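Student: I am new to this structure. Could we go through it in short questions and answers?

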Amino acid sequence: MLFIEGHRQGVPLHTDAGRGGSVARFARLDGAFLLQTVVPLLLIFLGAAGLAADRESGRLKLLLVQGGNARAILGGHFLILWTLALVLLLVVVTTSLLTSAVMGGGEPPPFGRLGMLLLTHALFFAVVAAASVAATVWFDSARGALLALLAGWVVATVLLPRATAGVAGTLYPLPSQDVFQAEMQAARQAGPDGHNPEDAELERLQAALLAEHGVETVEELPMNFDGIAMQVDEEFGNQVWDEHYGRLRDQLRRQGTVGSAMAILNPFQAVDHISMALAGTDLAHDLAFQAQAEGFRRTLVEALNREHAYGGSKTGDWSWEAPPEFFAALPAYEHASPALATALRPRVPDLTGLVLWLAGLLIAMRTGASRLERGQLMC
Amino acid sequence: MLAFLAVGALAIVLGERFVAQLEGAHAAAEQAQEASVREARDYLARGEPGPPDRAWVDLGYPLWQDWYAGTRVARDPGPLAGIAAGAVDQAPAVFRVSRLADPMAAGGYRIENPELAAGAVDLVFVLGLLLPLLIGVLGLHIGSRERETRLDLLIMVQAGSDRAWLIARTLAVGAIAGGAATGLCVAAGLVSGASWSKIGGLVLLTLAYAGLWSGLLLAVNARATTVRGAAFLYGGVWTLLCVLVPTLSAELALGRVQVDYALAETLDARGLRYDAYEQGIEAVLPELYARYPRLETMPAAAADPLDPLIARHAYDGILVAALAERHRVRLAEEQSARQVANWGSWFSPAIALSLTLERFAGVGPDAAAAYRGHLVTLIEARVRWVLETAWQDQPLDAEDFDALVSAAPSSYRPRPSGLQLPLLAMIVWTFAGWTYGLRRLGHSGRQALDRTGRLAERTA
């Protein structure tokens, strides 16, 4: 949310989660939490128990002795886990869409984004299912596999995302809001002040206009100098905002590169980043919204100042009012979300990471199956 | 253990960075404040009303003395603020108190990257979530390994009971994990320059939490018959108490408050302001005098009509009353959410510890709310000063300005409060865990004795 007004670029207003008390530091129970934290945990527990039960009951050995194909057995376990996850994915997404429709949550998401969201999560669940099966094959005991998988889950869902934020913040620190606003204010005060008729820069501009029109006083000018002064003030402010917000955005993008690099190592962060991009809640969408809103603000304020200057009033005439048609003709803000390809372009490392993880784990499963058949792994 | 200590060290470093950022904001605000006061004193010393290119500025009026006094009230982070650096805290680090200031419109001091908003590694996280995991990793095999390998029967035959042996091992695990956590707490305290009493308090809380999870570990190990079963059970308990219940509590608490991007609040504030200014002074004055009866007896009140330069401050009185009312409503709403958080302590020791540590460190939503309340009180006092000075109808001078500057509060440090309930919850959790574990150990001991007896009969 941004408030659009003259003289300043709006500071984005975010949901004040702090109003919920100290528990706000914990994750929220949303669809992403269920799909990216709870469902993988379920797959880990089921995966570690499934093949281990076959192994501990001797069923696995019996199947292999009878000529069963280890690759097919492992593939079957993988497919069961993956199918279960896909069913849960459909349940969560359908419930979320229905809830949103019933609660009047706006237009349904574009088909392309929804499809990519399902595909990405399907890929992610394949990674988790493959990891669960591969761990139970490679570890001698179900206990070892479960402990390794649980440790991986804790590191991937709890530790690494937080550590990434910490490292990114240390490498590319952001200023505090207080310091950022104070610096902008100080820079802004160094320029012309449209509200001050004695401002030196405005006096120079005024003298030039008087000479150009061959008149003695601003009241004799064919336009309203106050509107021109306000636009000069606005344009200087825009330069200041561009400089400061530009630096801030660069720093935010640099932090994002740390997150993307870490996502190659951690499929949980990769799927989180991609789903944020698809849902329109990532940094790229945030910055795109701010840029569009600021562009709209500048156009709007310029139109207002131009009307003030050239709409028919004279300098010092504060009783003049712009006609209703002028206000009616002002365009309303319409947000255009970035195209799907644009939204996904920064997420290529995350997608690559997911694919690499799946390929690696499938190879691990395949190798494990071969070793099982050759008796090199315990069955 | 090494991983735990490494993450803990990272948490301490990040906590110090957080405190340094707050102190940076304070230093910048102090400089701005000094510059503003110096500028005003220069004008007053030269007998000038204000800057030469701003003819409307006149330091003889309370409006401009209030502006140039530029009272910045900093939030003193306190010595242990770094331990809760990851707290959600939506109040500024420094606030400029003036007659028109609105602390509820001010956002937090952080600029956050939405892509990295996955929480932070702070000591609250390390102790609350990772310490139980460390205890689990160190102690999950206690009891169940003996049962798996039938070593428990041997101990029974030789010693009569394995109870003391299992309790001693659980206590040892708790002591090792608690020792590591204590090391981190002491390091965090020393790095931040906290007093030994503060460090002692932090260490006691940490040891109590380690004791609590040792009790839960004992309960799990007493129940599980295999290491795998213990891992399942402990993992389930940890996931439930440290992830699912806190998540559910957060959702319930947020359901009690408005989280609409501050839209309603901003519109309310602006609407009240416009409503006030649309009223004529004749409608505002009776309300003002009802709130500030002393004004009616002061020199300016005798003039009819009231001097416009004085009358404009009548709106300040109305607006500050509206501000106090908005703050009261918000506080009541947040109080309801805070109760959910407090109740969450009874369902999750991780919530109990987070609440206790954030309140102990003076960071987080509760500290932010207390700071906002303090600011509203200061703004009310400032508006009262502006009104009473304006109604004196006398030009102000350098002495008045100096008195205003010297009367300004320097910084605000929230006092730890609301610690009793989460602490009580932690005590109950510890008691319940240990009681259940000990009872369960007695039960499984009798079962083992029965098995031993049967085994002896068969052998005979």
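Student: In what order do the three strands of the open sheet in chain B stand?

Tutor: This is a predicted model, so read every value as computed. Three strands of chain B form an open sheet with mixed pairing. Strand 2 (94–97) and strand 3 (411–412) of chain B are at the edges, each with a single partner strand, so one side of each lacks a neighbour in the sheet. The order is 2-1-3.

Student: How many bridges join strand 1 of chain B to strand 2 of chain B?

Tutor: Take two of the pairs. B:Ala74 stands opposite B:Val94, and B:Val73 has B:Phe95 as its bridge partner. The two strands run antiparallel, and the number of bridges is four.

Student: Do strand 1 and strand 3 of chain B run parallel or antiparallel?

Tutor: Two bridges join this pair. In one of the pairings, B:Ala74 has B:Ser411 of strand 3 as its bridge partner. The direction of strand 1 and strand 3 of chain B is parallel.

Student: Which helix of chain B packs on the sheet?

Tutor: Look for a helix that touches strand 1, strand 2 and strand 3 of chain B. Its direction makes about 20° with that of strand 2 of chain B. The helix is helix 13 of chain B.

Student: How many residues of strand 1 of chain B are buried?

Tutor: Check both faces. B:Thr71, B:Val73 and B:Arg75 point one way, B:Arg72 and B:Ala74 point the other way, and all are buried. Strand 1 of chain B is therefore largely enclosed by the rest of the structure. The count is five of the five residues.

Student: In strand 2 of chain B, which residues point the other way from B:Val94 and B:Arg96?

Tutor: B:Val94 and B:Arg96 share one direction. Both directions of strand 2 of chain B hold buried residues. Pointing the other way are B:Phe95 and B:Val97.

Student: Which elements do the buried residues of helix 2 of chain B pack against?

Tutor: Helix 2 of chain B spans residues 62–69 and is mostly covered, with seven of its eight residues buried. Among the buried ones are B:Pro62, B:Trp64 and B:Tyr68. They pack against helix 1, strand 1 (71–75), helix 13 and helix 14 (398–406) of chain B.

Student: How are helix 1 and helix 14 of chain B oriented to each other?

Tutor: Their axes are 10 Å apart, and the packing angle is about 165°. Helix 1 passes helix 14 of chain B in a left-handed crossing. An angle over 145 degrees counts as roughly antiparallel. Helix 1 and helix 14 of chain B are therefore roughly antiparallel.

Student: How many nonpolar residues does the contact of helix 1 with helix 14 of chain B have?

Tutor: Helix 1 of chain B brings B:Val37, B:Ala40, B:Arg41, B:Leu44 and B:Ala45, while helix 14 of chain B brings B:Ala398, B:Phe401 and B:Val405. By class, the contact has one charged residue and no polar ones. The nonpolar count is seven.

Student: Does B:Asp393 count as buried or partly exposed?

Tutor: B:Asp393 sits in the loop between helix 13 and helix 14 of chain B. Its phi is near 60°, a positive value in a residue other than glycine. A buried residue needs 20 or more C-beta neighbours within 10 Å. B:Asp393 has 16 inside 10 Å, so the class is partly exposed.

Student: What percentage of the residues in chain B are buried?

Tutor: Chain B comes to 15 helices and three strands. Its total is 460 residues. The buried part is 47%.

Student: Which helix of chain B gives the largest share of the side that touches chain A?

Tutor: The contact takes 70 residues from chain B and 60 residues from chain A. Elements giving two or more residues to the chain B side include helix 1 (2–46), helix 8 (227–254) and helix 11 (308–347). That side has 42 nonpolar, 16 polar and twelve charged residues. The largest share, 13 residues, comes from helix 8 of chain B.

Key
Residues numbered from 1 in each chain as written. Chains lettered and ligands numbered in written order. Predicted model: local features only at pLDDT ≥ 70, side-chain atom pairs only at ≥ 80, totals over all residues. Contact = placed C-beta atoms within 7 Å. Nonpolar A, V, L, I, M, F, W, Y, C, P; charged D, E, K, R; others polar. Buried ≥ 20, exposed ≤ 12 C-beta atoms within 10 Å, placed from the backbone. Pairing = 2+ DSSP bridges. Axes fitted to C-alpha atoms, helices over the stretch in contact; angles between N-to-C directions. Parallel < 35°, antiparallel > 145°, perpendicular 65-115°, else oblique. Left-handed = near helix turned anticlockwise from the far one by under 90°.
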